[in-house]
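Biologist: Please take one part of this model and go through it closely, giving the cut-offs behind each term as you use it.

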Amino acid sequence: GPFKPGAHAFLDQQIRLDRPHWRTPRCYACSGVWVAADKDSTDAFYDDVAESYLLLVATDVTRMVMEQEKSRVAALHAVLADENRQQALRESQARIQAVLNTAVDGILTIDRRGIIESANPSAGRLFGYDPARMPERFEQVWVGTEVRDPNTPRWGSTSWHDLWLSA
């Protein structure tokens, strides 16, 4: 734009200088301000025009830029490693799910409190439920089925956990 004394020509522009003999590039934050200086010659008395100059201020920010770059690279590595772990977990879960879905035997996953966490299609057929609509608690599934082995105690004071351990 037009010259105005005191006006910024540019502010905090970052530049990078690479020289063959430097080990690492150098980075500078630069600002430029227009300044006016009166001529000090004898003719300046008759000519009322000031010389205009651009005052350049440069600050070496190499260390700060390098630290920021190291932080960005470390963050990128962490994100990529996390994405790789998540992908491996998804693939592992897909393999396990494929095995469970095609197993002939009924498979239930039950936590310590007797809550059914998952059931494969064979377990649904075995207990007479759609696997997606399986009751929440194992006792509800067990009570609803007929105990075929006469040596296995019927439901009563015996907990499902005791039945499980006695099998």
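Modeller: Val35 lies in strand 2, where strands (E, at least two residues) are DSSP runs numbered from the N terminus. The model is predicted, so local features need pLDDT of at least 70 and side-chain atom pairs pLDDT 80 or more, while totals for chains, interfaces and linings use all residues. Residues are numbered from 1 along each chain as its sequence is written, and side-chain values use heavy atoms, with hydrogens and water left out.

Val35 counts as partly exposed because its relative accessibility is 31%, between the limits for buried (under 20%) and exposed (over 50%), with a 1.4 Å probe and protein chains only. Together with Tyr53, Leu55 and Val57, Val35 forms a nonpolar patch on the surface with about 340 Å² of accessible area; patch residues have over 30% relative accessible area and no salt bridge, and nonpolar side chains are joined within 5 Å. A salt bridge would be a side-chain nitrogen of Lys or Arg within 4 Å of a carboxyl oxygen of Asp or Glu, and areas come from the Shrake-Rupley method with a 1.4 Å probe. Strand 3 gives the most to this patch, with three residues.

Strand 2 (residues 26–37) pairs with strand 3 in the antiparallel sense over 10 bridges, pairing being assigned if DSSP finds at least two bridges; Ala36, for instance, has Ser52 in strand 3 as its bridge partner.

Ser31 is also found in strand 2, and at 13% relative accessibility Ser31 counts as buried. A polar atom of the Ser31 side chain lies 3.0 Å from the backbone nitrogen of Asp12.

Conventions. Helix = DSSP H or I, 4+ residues; strand = E, 2+ residues; numbered from the N terminus. Patch = residues over 30% accessible without salt bridge, like charges linked within 9 Å, V, L, I, M, F, W, Y side chains within 5 Å. Polar contact = N/O pair within 3.5 Å; in protein donor to acceptor, adjacent residues only side chain to side chain.
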